[in-house]
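The following questions and answers concern the fold of a single chain. Please consult the sequence and the structure while reading.

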Amino acid sequence: MPAIAPGWYDDGHGALRWWDGQQWTEHVQPHPQGMPDPWQRPRSSPAPEQSHRPPLSPENSEPSSVAEPETTDAGSSGIFVAATAPQRSRTWIVWLIVGILMLAVVVLAAVLIPLAILGFGRVDAAAAAEPKNDDERGAVEAVYEFDEAWQTADCDLFVDVTTERLREVVQIKDCATFTGQSNAFTEWYSDYALVVTDIRGPGYEYTVVTQESYLAHFDQDGEPIEPAVREVVEYEYTLVPDDDGWAVYDLVSVE
């Protein structure tokens, strides 16, 4: 900005203040026209009458507090005040934009990260196999009841849908043992889902193939997994007639 000559200028507060060419001073005079209307501020101050202005002595080169105000042609008082007033920093605008961008990143992360985690380990759902006759329906129903018994710790149901041979193989000979293992099962695994993918027979026995998925909360060493990992396994159930229904005779995992 070009240098503005020393003189009396409207300070924007209804008074005239002495500008020494570099900064405002403490010398203030009432505005000769009274309090100016901020919406109708004159473009320039009227020239003073020279005949009423006492000469300044060399010892009094600075204007006194009662001296006649001296006007200049530095432009409108409003423009001068705006030119000499300290400029407001606009850094806050930059910080506002940065804050909005950071908030957007946090929101997107909160939405996308859980979706990505839940997607890890998932496989396409296997096509369900439909039973074609009563025997197949009975064998499939026994598999679903076997799964239900484990998830609900229903010992009576477990005994109904398994053979004595299977209970001996898995070393579950009483309800106390079964209940303890069932509770451990539901603690280690959640969100269990079973889909029958194949039914093989007929004959004296049926083989029902399943795809079973679940969230594992512990690894093979018993250490917690955070977050839980979805795993998918396949089993083959061998079912044989038992009384009026079907019972699980053997169970193996398919590699």
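Q: Over how many bridges do β4 and strand β5 (residues 206-218) pair?
A: In this predicted model, local features need pLDDT of at least 70, side-chain atom pairs count only at pLDDT 80 or more, and totals for chains, interfaces and linings use all residues. Residues are numbered from 1 along each chain as its sequence is written, and side-chain values use heavy atoms, with hydrogens and water left out. Strands (E, at least two residues) and helices (H or I, at least four) are DSSP runs numbered from the N terminus, and two strands pair if DSSP finds at least two bridges between them. β4 and β5 pair in the antiparallel sense, and the number of bridges is nine.

Q: Which residue of β5 stands opposite Ala 193?
A: The pairing of β4 with β5 is antiparallel. Opposite Ala 193 stands Ser 213.

Q: Which strands stand at the edges of the four-stranded sheet, and why is one side of each left without a neighbour?
A: The sheet is open, with the order β4-β5-β6-β7 and antiparallel pairing. Each edge strand has a single partner strand, so one side of each lacks a neighbour in the sheet; these strands are β4 (189-200) and β7 (245-254).

Q: What angle does the direction of α3 make with that of β4?
A: The twist of the sheet averages 30 degrees from one strand to the next. Helix α3 packs on this sheet and is in contact (heavy atoms within 4.5 Å) with β4, β5, β6 (224-242) and β7. Angles run from 0 to 180 degrees between N-to-C directions, with axes as lines fitted to C-alpha atoms, for helices over the stretch in contact. The angle between α3 and β4 is about 165 degrees.

Q: How are α3 and α6 oriented, roughly parallel or roughly perpendicular?
A: Helix α3 (residues 134-152) and helix α6 (residues 175-188) pack with their axes 7 Å apart, at an angle of about 85 degrees. Angles under 35 degrees count as roughly parallel, over 145 as roughly antiparallel, 65 to 115 as roughly perpendicular and the rest as oblique. The angle therefore makes α3 and α6 roughly perpendicular.

Q: How many charged residues has the contact of α3 with α6?
A: From α3 the contact includes Ala 149 and Trp 150, and from α6 it includes Phe 178 and Phe 185. Ala, Val, Leu, Ile, Met, Phe, Trp, Tyr, Cys and Pro count as nonpolar, Asp, Glu, Lys and Arg as charged, and the others, Gly among them, as polar. By class, there are four nonpolar and five polar residues, while the number of charged residues is none.

Q: Which strands stand at the edges of the three-stranded sheet?
A: This open sheet has the order β1-β2-β3 with antiparallel pairing. Strand β2 (residues 15-19) pairs with β3 over four bridges, and β1 and β2 also pair over four bridges. Each edge strand has a single partner strand; the two are β1 (7-10) and β3 (24-30).
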